[in-house]
Amino acid sequence: MERSTIDLWVGIFVVGGIAALMALAMKVGNLTSTNIGSTYTVSAYFENIGGLKPRAPVKSAGVVVGRVSDIAFDDEKKEALVTMNVDTKYHFDRDTNASILTSGLLGEQYIGLEAGGDTEMLKNGDKIKLTQGAVVLEKLISQFLYSKASEGNDKKEDTK
Amino acid sequence: MFDRLIKTVCGIGHRTIDRIIRLGFAARFFLYSLSCSGESIRRFPLVIREIYFTGVLSLIIILVSALFVGMVLGLQGYNTLQRYGSSEAVGVLVALSLVRELGPVVTALLFAGRAGTAITAEIGLMKATEQLSAMEMMAVNPIARVVAPRFWAGVISMPFLAAMFSITGVFGGFLVAVPLIGIDDGAFWSQMQANVDFHEDIVNGVIKSLVFGVACTIIALFEGYDAPPTAEGVSRATTRTVVNSSLAVLGLDFVMTSFMLHGGN
């Protein structure tokens with residue numbers, strides 16, 4: 001078996017293909033940021049999760065500290081149970097506040113963690129007690145309209 | 001009148017049965033080439049030679065069209081997105097449409113036109129000039145010696161070609177968006193990285209291109225092997241290769257996309 005120029009070209013082709021795949025994974029995709037080493041699991045109940053999806057980021061102060069691993073509906077509480085994996089590098093105290101936020105006006109939804117003041121830290125399997133669900137735009141608008149309408153009524157009563 | 005009607009019905013039935021027989025023969029051909037592929041893996045230089053002809057020589061057309069496809073996506077995407085004040089999302093648009101759809105599909109269509117036709121014409125002529133029969137006379141299995149290496153070469157080349165198509169297209173989109181239009185460099189890449197998922201987008205794209213590679217190559221090989229041994233027969237087989245591969249690619253793409261999007265949510 002002899003080596004030939006064809007081998008060289010095929011070798012370049014294969015290396016180029018693998019390099020393109022790597023570049024796709026690293027530069028275009030988010031493989032680098034999803035690879036969180038060891039994690040611990042924390043869960044929280046939310047009244048409404050809006051458009052939160054599994055694998056959505058968990059952020060604290062805007063930095064990704066973990067990912068949502070599972071979303072389930074608790075039939076007894078009638079609330080959503082969100083399980084998330086948080087990097088073991090980061091420690092959060094037990095009265096951390098978890099809220100579902102939206103990046104930008106219409107962007108994807110993520111969980112924001114805000115540290116509290118407790119001295120004890122969250123451990124694997126703990127539940128976050130202080131939560132705030134997603135803001136539903138329709139509810140917000142109806143609240144706004146309702147308050148506007150009642151303002152109008154107040155004014156009418158004043159003139160009487 | 002009645003006679004003509006009977007003839008028409010007979011003609012339709014004849015053609016239908018003919019198609020079904022061809023389909024069955026194609027399936028048997030596919031399975032037989034798979035069962036012969038052990039030999040072609042043992043003689044890997046044969047496969048490497050075919051990767052050169054199907055993969056390496058298709059590179060130029062793939063890369064040049066990818067660059068233009070990416071640049072056009074960048075221009076069109078910017079034109080629409082700037083109306084909604086989110087022109088930074090052009091990177092996401094270019095990357096997602098390339099990685100999910102255009103990369104595998106356009107590569108497969110170009111591959112069918114560039115490499116598939118060559119395979120069909122080559123095997124059709126081999127059959128017309130009785131080279132395949134000559135091999136059989138020498139106790140060389142033509143499926144194992146000629147068909148299987150080309151099959152594996154096509155299947156191996158396709159994902160690499162699609163990946164290179166996607167990355168070149170993203171680069172083309174970058175060229176239009178950042179130096180030409182003036183979108184912020186960091187926003188372009190960070191939005192792209194935030195929204196392109198490795199498993200859901202890139203791996204699914206690779207799976208698609210693998211399936212397209214199998215479909216395009218086996219259609220090209222079968223049409224060549226089944227071609228009538230005449231000049232006209234080979235030319236018709238070449239045309240059928242392009243038509244059937246394109247239809248198969250687009251149809252399979254719809255089926256796979258519907259599965260993948262369901263899996264994602």
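Helices (H or I, at least four residues) and strands (E, at least two) are DSSP runs, numbered from the N terminus. This is a predicted model, in which local features need pLDDT of at least 70 and side-chain atom pairs count only at pLDDT 80 or more, while totals for chains, interfaces and linings use all residues. Residues are numbered from 1 along each chain as its sequence is written, chains are lettered from A and ligands numbered from 1 in the order in which they are written, and side-chain values use heavy atoms, with hydrogens and water left out.

**Stop 1: chain A**

Select chain A and colour by secondary structure. From the N terminus on, its elements read α-α-β-β-β-β-β-β-β-β-α, that is, three helices and eight strands. Next, colour by domain: domain 1 covers 1–35 and domain 2 covers 37–142, with bounds from an automatic or database domain assignment. The centres of the two domains of chain A, taken over C-alpha atoms, are 38 Å apart.

The accessible area (Shrake-Rupley method, 1.4 Å probe; for residues, only the protein chains shown count as cover) is about 10400 Å², and carbon and sulfur atoms hold 56% of that. Of the 160 residues, 32% are buried, where buried means under 20% relative accessible area, exposed over 50%, and partly exposed in between (1.4 Å probe, protein chains only). A contact means heavy atoms within 4.5 Å; among the contacts in chain A with a separation of 6 or more, 63% come from residues 24 or more positions apart.

**Stop 2: the sheet of chain A**

Now select strand 5 (residues 97–102) and strand 8 of chain A, which run parallel and are joined by three bridges; two strands pair if DSSP finds at least two bridges between them. For one bridge to display, pick A:Ser99, whose partner in strand 8 is A:Gln132.

**Stop 3: chain B**

Move to chain B, which has ten helices and zero strands. Its C-alpha atoms fill a box of roughly 65 × 60 × 35 Å along the principal axes. Buried residues are 46% of its 265 residues. The accessible surface is about 13200 Å², with 68% belonging to carbon and sulfur atoms. Among contacts in chain B between residues at least 6 apart in sequence, 83% join residues at least 24 apart.

The unreviewed UniProt entry places the feature "transmembrane region" at residues 51–78, 90–112, 160–182, 202–222 and 242–261 of chain B. UniProt positions are given in the numbering used here, feature names are shortened, and annotations may be inferred rather than shown by experiment. Select residues 51–78: the span is 86% helix and 0% strand, and its end C-alpha atoms lie 38 Å apart. In residues 160–182 of chain B the figures are 96% helix, 0% strand and 31 Å.

**Stop 4: B:Ile202**

Zoom to B:Ile202 in helix 9 (residues 198–226) of chain B. Is B:Ile202 buried or exposed? B:Ile202 counts as buried because its relative accessible area is 3%. Show its neighbours, not counting residues up to four places away in sequence: B:Ile202 touches A:Leu24, A:Ala25 and A:Gly29 in chain A, and B:Val99, B:Val196 and B:Asp197 in chain B. Finally, draw the C-alpha to C-alpha distance from B:Ile202 to B:Arg100, which is 7.0 Å for residues 102 apart in sequence.
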